[in-house]
Amino acid sequence: MQDLAGKHIVLGLKGGIACYKAAELCRALIKAGATVQVVMTEAAEQFITPVTMQALSNRTVYGSQWDAREPNNMPHINLSREADAILIAPCSADFMAKLLHGRADELLSLMCLARPIAEVPLLIAPAMNREMWAHPATQRNMAQLQADGATILGVGSGFQACGETGDGRMLEPAELLEDIVAFFQPKLLAGQQVLITAGPTYEAIDPVRGITNLSSGKMGFAIARAAREAGAQVTLVAGPVSLATPRGVARVDVRSAQDMMEATLSCVDAATVFIAAAAVADWRPAAPTAQKIKKDGSGKPPELLFTENPDILATVAQSARARDGRLFCVGFAAESHDLAAHSQAKRKRKGVPLLVGNIGPATFGQDDNALLLVDAAGTREIPRGPKLALARLLVSDIARRLKST
Ligand code: C5P
């Protein structure tokens, strides 16, 4: 998806071993539709060459405030005026200290200081040794930069080039891309606490076997990402899936429907929106055995008895919080035919104001989907597209409903 189409990013590189990641970041930004103007400091050129960055960005790199290519000889003004954002990645501890004091003795800092502060956001991806990161001076500088309007994208944790392990690594290019895309999304759900269930459940028969379904969790995870991009605090209760957690989303992993119910109920008191996207098993084996069920030689399969699982959505929708309007509940329906009629009937049965219908075989495991939004007034189709695009449309629909209630 071209999530950054039409955006012009000035990518500033300060000296640090994480410069090698900036090459891939530049590529990722361009793949997402952005144009990228690279600015490098002298120190950055010790780690990666301007040739690499020029080839990847398809633009000549700037490195000096005395660059005569600019007719007015003011690259710091010209470059900062055309940017939709300035992203410093990697940003060293020294550069944070420098920005904080408004120093401007080379092009990159000069450009940050000269940017129109209300129109050109400054995003910072720090990269440094763990001791440098933890130092009170760095933490103080970071807090002050945030107070001055910069957005700090955080750091990763793990093995560092110096051989030590801890916080301070620059985030991976894919993580930075996700954060930058999120940064540009409208904050339609600011202040909301969104709780989402996603994925299948797994109902044990014995310690090695169980019953599950083909839900991939992709739709629920896309909704979690879209809600976080829209500024909500998001908790994702996920059945057994192998999907990466969207950036900034709190994830609770569960296995069975009962686990999912328990996790949901323990988070729901803080929620203002509940979206049940999980494909919860309706039934579970009544008495899972502690030991593996063995063939007994008779040729007769074992008899399995089932018991009904709790309905998480219906339970939450009947809670006092939902009934007095503090919690907006959204259900899903995976149908094979008569989508509108079945979804409307399910919406009423579950007692929710909004139900999202989709065709089960056309969504399970797919990256694309199509949705039918069903409420008391009727239906609205969201045509087939990538699940993240649909999730963003669903989020903006929910935001509109929250505003009007
Ligand atoms: O009844 P059905 O399973 O078709 O309902 C689908 C909707 O109800 C989905 O939103 C699903 O997440 C939710 N559900 C639930 N707990 C169940 C069964 C379904 O929350 N036990």
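Student: Is Asn-73 buried, partly exposed or exposed?
Tutor: Asn-73 counts as partly exposed because its relative accessibility is 35%. Buried means under 20% relative accessible area, exposed over 50%, and partly exposed in between, with a 1.4 Å probe and protein chains only.

Student: Where does Asn-73 lie?
Tutor: Asn-73 lies in the loop between H2 and H3. Its phi is positive, near 55 degrees, in a residue other than glycine. Helices (H or I, at least four residues) and strands (E, at least two) are DSSP runs, numbered from the N terminus.

Student: How should I read the model itself?
Tutor: This is a predicted model, in which local features need pLDDT of at least 70 and side-chain atom pairs count only at pLDDT 80 or more, while totals for chains, interfaces and linings use all residues. Residues are numbered from 1 along each chain as its sequence is written, and side-chain values use heavy atoms, with hydrogens and water left out.

Student: Back to that loop. What about phi of Asn-58?
Tutor: Asn-58 is not a glycine, yet its phi is positive at about 65 degrees. It sits in the loop between helix H2 (50–57) and helix H3 (75–81).

Student: And is Asn-58 buried or exposed?
Tutor: Asn-58 counts as exposed because its relative accessibility is 69%.

Student: New topic. Which peptide bond is cis?
Tutor: The bond from Ala-89 to Pro-90 is cis, with omega near 5 degrees. Pro-90 is found in strand E3, residues 85–91.

Student: How do helix H8 and helix H9 cross?
Tutor: The axes of H8 (residues 173–184) and H9 (residues 218–229) cross at roughly 55 degrees and come within 8 Å. That makes H8 oblique to H9. Angles under 35 degrees count as roughly parallel, over 145 as roughly antiparallel, 65 to 115 as roughly perpendicular and the rest as oblique. The axes are lines fitted to C-alpha atoms, for helices over the stretch in contact, with angles from 0 to 180 degrees between N-to-C directions.

Student: Which residues make the contact?
Tutor: H8 supplies Glu-178, Asp-179, Val-181 and Ala-182, and H9 supplies Arg-225, Arg-228 and Glu-229. Contact means heavy atoms within 4.5 Å.

Student: And the chain overall?
Tutor: The chain has 15 helices and 19 strands, and its C-alpha trace spans about 85 × 55 × 40 Å along its principal axes. Of its 405 residues, 51% are buried.
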